[in-house]
Amino acid sequence: MMARVSSALFLAVAALVLAVPSFAGDPDYLQDICVADLNSDLKVNGFPCKANATADDFFTAVLAKPGATNTTADSVVTGANVEKVPGLNTLGVSLSRIDYAPGGLNPPHTHPRATEVVFVLYGELDVGFITTANKLFAKTISQGDVFAFPRGLVHFQKNNGDKPAAVISAFNSQLPGTQSIAMTLFGASPEVPDDVLAKAFQIGTVEVDKIKAKFAPKK
């Protein structure tokens, strides 16, 4: 009897392990191509297919040149996802390029739908991610290096050098999504209540309002 139970338990665990990859990243596609119809009013999980696809639907040169880093964080992210490359629809992959001025930061953020792998084009970066146990995994990476950020975990990249830096990021999602921690909490619309943020960060509501003012949409 015990042997039958053990065998059944083993088979159940094995089935679960084999099933896990099917839940990672985007769903598998059921046809060769499904170029996104970005103008369709139909709402589905992803994008509906457009009728007439061309080679241009699978092409972009948007990552070829550095982006303008004259931002508040001294960095800029240029995406090559399904919204820029419609042919990526249902393929479960995308890229982006991140450029950093000296001192530039890609602020702490998460990608709820994808794991990210960065490849350093040039420069040097201090990077890291934080687990749900609040453990920081950090490393300094430079040209030619690769670093992975697990799906959904808060992570960042900082250029502490005196020269520009850039990476190419790969994602296992056609549209990984990005939630910047500071912007999400202090720039949400409608606003997150002041008392919630004050208690969470153990600061006063006056300080909360000052921080919110920095993330308020420009008029």
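This is a predicted model: local features need pLDDT of at least 70, side-chain atom pairs count only at pLDDT 80 or more; totals for chains, interfaces and linings use all residues.
The chain contains four helices and 10 strands. From the N terminus, the elements run in the order α-β-β-β-β-β-β-β-β-β-β-α-α-α. Of the 219 residues in the chain, 30% are buried.

Five of the strands are arranged as an open sheet in the order E6-E5-E8-E3-E10, with antiparallel pairing.

Phenylalanine 119 is placed opposite valine 146 of E7. Strand E4 is also joined to strand E9 (residues 165–171), again in the antiparallel sense, by six bridges. Here valine 120 has valine 167 in E9 as its bridge partner.

The largest nonpolar core comprises 13 residues, and those with the most contacts inside it are Leu125, Ile141, Phe147 and Val167. At least two residues of this core are supplied by each of E2, E4, E5, E7 and E9. Strand E5 provides the largest share, three residues.

Five aromatic pairs were found in a search of the whole structure. In one of them, the ring centres of phenylalanine 129 and phenylalanine 137 lie 5.1 Å apart and the ring planes meet at 10 degrees, so the pair is classed as stacked. Phenylalanine 129 is buried, at 11% relative accessible area, whereas phenylalanine 137 is partly exposed, at 34% relative accessibility. Another pair is formed by phenylalanine 186 and phenylalanine 215, whose ring centres are separated by 6.4 Å; the planes lie at 25 degrees, so this pair is also stacked. Phenylalanine 186 belongs to helix H2 (residues 181–186) and phenylalanine 215 to helix H4 (residues 205–215), so the contact ties together parts of the chain that are 29 residues apart in sequence. Phenylalanine 186 has a relative accessible area of 9% and is buried, while phenylalanine 215, with 25% relative accessibility, is partly exposed. A single aromatic cluster is formed by Phe129, Phe137, Phe147 and Phe149. One of its members, Phe147, is also among the core residues with the most contacts.

Four salt bridges are present in the structure. One of them joins the side chains of aspartate 99 and arginine 97, with an N to O distance of 3.0 Å. Both partners are buried: aspartate 99 has a relative accessibility of 3%, and arginine 97 has one of 5%. A second example connects lysine 212 with glutamate 191, the closest N and O atoms being 3.2 Å apart. This pair links distant parts of the chain, 21 residues apart, with lysine 212 in helix H4 and glutamate 191 in the loop between H2 and helix H3 (194–201). Lysine 212 is buried, at 7% relative accessibility, whereas glutamate 191 is exposed, with a relative accessible area of 56%.

Lysine 212 additionally forms a salt bridge with aspartate 194 (2.7 Å, N to O). Because lysine 212 lies in helix H4 and aspartate 194 in helix H3, this contact ties together parts that are 18 residues apart in sequence. Aspartate 194 is partly exposed, at 22% relative accessibility. Through shared partners, the salt bridges of Glu191, Asp194 and Lys212 make up one network.

At the surface, Ile33, Phe58, Leu91 and Val93 form a nonpolar patch with about 320 Å² of accessible area together. Valine 93 is located in the loop between strand E1 (75–80) and strand E2 (94–100), and is partly exposed, with a relative accessible area of 42%. Asparagine 45 is situated in the loop between helix H1 (2–19) and E1, and its relative accessibility of 77% places asparagine 45 in the exposed class. The C-alpha atoms of asparagine 45 and aspartate 26 are separated by 9.9 Å, the two residues being 19 residues apart along the chain.

Conventions:
Residues are numbered from 1 along each chain as its sequence is written. Side-chain values use heavy atoms; hydrogens and water are left out. Rings of Phe, Tyr and Trp (its six-membered ring) pair if their centres lie within 6.5 Å; planes under 30 degrees apart count as stacked, over 60 as edge-to-face and the rest as tilted. Buried means under 20% relative accessible area, exposed over 50%, partly exposed in between (1.4 Å probe, protein chains only). Two strands pair if DSSP finds at least two bridges between them. Patches are made of residues with over 30% relative accessible area and no salt bridge: like charges are joined within 9 Å, nonpolar side chains (Val, Leu, Ile, Met, Phe, Trp, Tyr) within 5 Å. Accessible areas come from the Shrake-Rupley method with a 1.4 Å probe; for residues, only the protein chains shown count as cover. A nonpolar core is a set of buried Ala, Val, Leu, Ile, Met, Phe, Trp, Tyr and Cys residues joined through side-chain atoms within 4.5 Å.
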